[in-house]
Amino acid sequence: MLALNSLLLASAIFQGQYSESNQLRTILPNGSVVFVEKRDAPYASIQLILGTRGLIETPANHGYRHLLEHLVARSIPKHDFQLESQGGALYAYTARDWMRFEWRVPPELIPVALGGISKFLKPQVFGKDLIERESKMIGLERSHLSPSDRSSIEIWSAIFGAEGQDAVGTWESTSKAEPEQLTDIWRTITRSNNVVISASGPIDIKTFTDDASSLVRGLASNNAVRSNRKAAGNVSTNQAVGLALQSIEKDATAAMMVAAFGMTSRIPSPFVTFTPTASGGVLLLGSLGTSIPRGTGADESDVAIYHRGKQLALEWLDSKLMTPEGSAEFNGTLLSLSPAIRPRKLRENFENVNYELLKVAVVQLKEALR
Amino acid sequence: MIAALVILSQQPVLPALWEFPTEKAERTHFEIVVKLPRMEGRLRRAVSAAGHLAVYQFSSLPLRVGEGGPALHYSETADFLRFSLTTTAQRQKAALRTLAELLTQPNLPIEVELTKEGGYRADRSSTANNGYLDNQQLKDAWRFAVNSSTVSVGVSGQFAPGAMETDWKGFQFEWPLPPNFPPSIPASVVPLNEVKEISSFKLSMSPALTTRAELAKVLVAANVMAGGKECLAWRVFREEAPLAYQFGAKLKREGGWWVLELEAETKDAEGWDVAKASLAKHIAALSKEDLDVAIGNLKAQLITGVSPLGIEGIGSGNIVANAADRLYLRTIWKATTGMDWSEYNIYSDARQVSVNEIKALLEQWLKGD
């Protein structure tokens, strides 16, 4: 044993320096996760990501989490003033599988961000007047959705029915929310197994991990697991085709993404929309033009699709991780789906997509486009 | 002596390229602005159609320069065409070359159909139209609008000073000189109608902008009005009299003037007058705190690289909320005034602005001019 230790020490001395990893993922006993990445940047992105385990979303509570996002984001008096007067900002976003609050701040405001997270994780109560006001905003927000967002909503609903309903909500649904219902939903999504704190920027890894862990260590779990959405099949509209996907870490999902990216060269003004999910998701391939051309003429043995698709898929992954906010979001939302899903695994999956797997995916896409 | 003159006259005439090297930038941004000569009617429509279709037909562009998605954004105002491209340091040379190729050798369609609604189509598919433009007319219009004297290129990112300029000069593209006369495309003014489900309200004013300090003051005013969640527009449109989910402040160049604009989009057309009255009250009661938060937001945009909400609300050309828009403004500013500014000296000027100065500017903005 002593000999082995000596060998390791000799090896360390021989290498001349000891370099610390720039990332640390900590899974707490109660299921909460803290992820920190240290990188050189003028600002840090600190994100609180709240999953949906244990929450049943139906047409009756359509958009309630989104409503909560609006309400909670403005719930701390003078918080925005404190951030914005010193060059920071608070953002919030709600998706089907998570809600995300982001503090994008100069490093000296990291404690303010952690203070915000601490307050957000407490029980929340909102009056009817605020619910009414923000419901109106949600109605207006819905009217501003882009054509690709509308297309996505249409396709998700067609594939998954009520389980695929959008997270935006409508004025009609959210204005009916009762304060107690919102308090209950907030309690569910702030259970420990739904909470991830993810950060990237000029951050001391150990200090941040300790501070963030202390905010979530006392949270109780609801022991709920994520249920799988059931897909009715693939769907095609005028502007896009939607393909039901398996979990993000599956090989078939990687192959489908490579195929979709590869096929973009056959479509005018193309877009590919993909939301990482661990419980059944959708990949959308569409055109921002008037309609998506039917029968793209793509041949599944076309090597160009293979190379182009692989290159674009890897670039997509890189682009997600390029900025502090992108990295904190991508790492955090993947961890929210499952602590086992890491960007590194997705990269391997893209790199390992072989020609046979891709052919199957291209045939599926061509079928959907027919 | 004669030989030297001959060599000089053979030097290609290149459009201006301005470098704005930025430390720690993770991306390289290109902003190409084309200052449009005065034109109207079908000629203007021909330029617009050529611009859109040239970009559209460059379908392989994302692959050559991008990040896995559409990397080139095209937009236009009455005064400018704008090509905005973001890429990585590794691809910046390829991106610059591609942009130069797009501008000098656009792949224009054989024919464009002008629709009755003021748009265009690349095929003969509508039953009622406003005539056609052939390939030569499109080429002539493009040359009239896009030539060595109308194009300016701004580039920011991590590169050695002079590196981009060397690349730019090294490309063997032939930039057309400005033609003496506009092409003979028959004039027929057709209104460009936009069909919108959502109403849009605008408050516009034309600030006098001749110095960097005046620019800084306008940027502070824009942030007081529409930067972040403590600005006047957020308080009024989102909280007191909920009216507009989306709003934004813009500074743009139009008809030879600088125009400062607040735009709010809503599906509730009523309520605008109430909102305006509410804005007037807030302006009258403007405080040092309002100014502090606006200057903090400006710092976020210029120095920290954070884009607060609101200021990036609507459309393109949104002041300085992201690196591309900042470069766009900087490029237009230099193209029109001949002066330069940097993030740090604008921020420094902004900190000298007083509450009363901003109040006067906002009052004028609310009234319009």
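Which residue of chain B forms a salt bridge with D80(A)? Select D80(A) and K229(B): the two form that bridge, with their closest N and O atoms 3.0 Å apart. (A salt bridge here is a side-chain nitrogen of Lys or Arg within 4 Å of a carboxyl oxygen of Asp or Glu.) The count between chain A and chain B is five salt bridges.

Before you click on: this is a predicted model, where local features need pLDDT of at least 70 and side-chain atom pairs count only at pLDDT 80 or more, while totals for chains, interfaces and linings use all residues. Residues are numbered from 1 along each chain as its sequence is written, chains are lettered from A in the order written, and side-chain values use heavy atoms, without hydrogens or water.

Next, show the whole interface. On chain A, 42 residues are in contact (heavy atoms within 4.5 Å) with 43 residues of chain B. Together the chains bury about 3800 Å², 54% of it on carbon and sulfur atoms; that is accessible area (1.4 Å probe) lost on being put together, summed over both.

Last stop: F237(B). Leaving aside neighbours within four places in sequence, its contacts include W272(B), L262(B) and, from the other chain, M137(A). F237(B), V220(B) and L362(B) touch the most other members of the largest nonpolar core, which has 56 residues. Such a core is a set of buried (under 20% relative accessible area, 1.4 Å probe, protein chains only) Ala, Val, Leu, Ile, Met, Phe, Trp, Tyr and Cys residues joined through side-chain atoms within 4.5 Å.

Note on methods: Buried area is the accessible area (1.4 Å probe) that two parts lose on being put together, summed over both. Buried means under 20% relative accessible area, exposed over 50%, partly exposed in between (1.4 Å probe, protein chains only).
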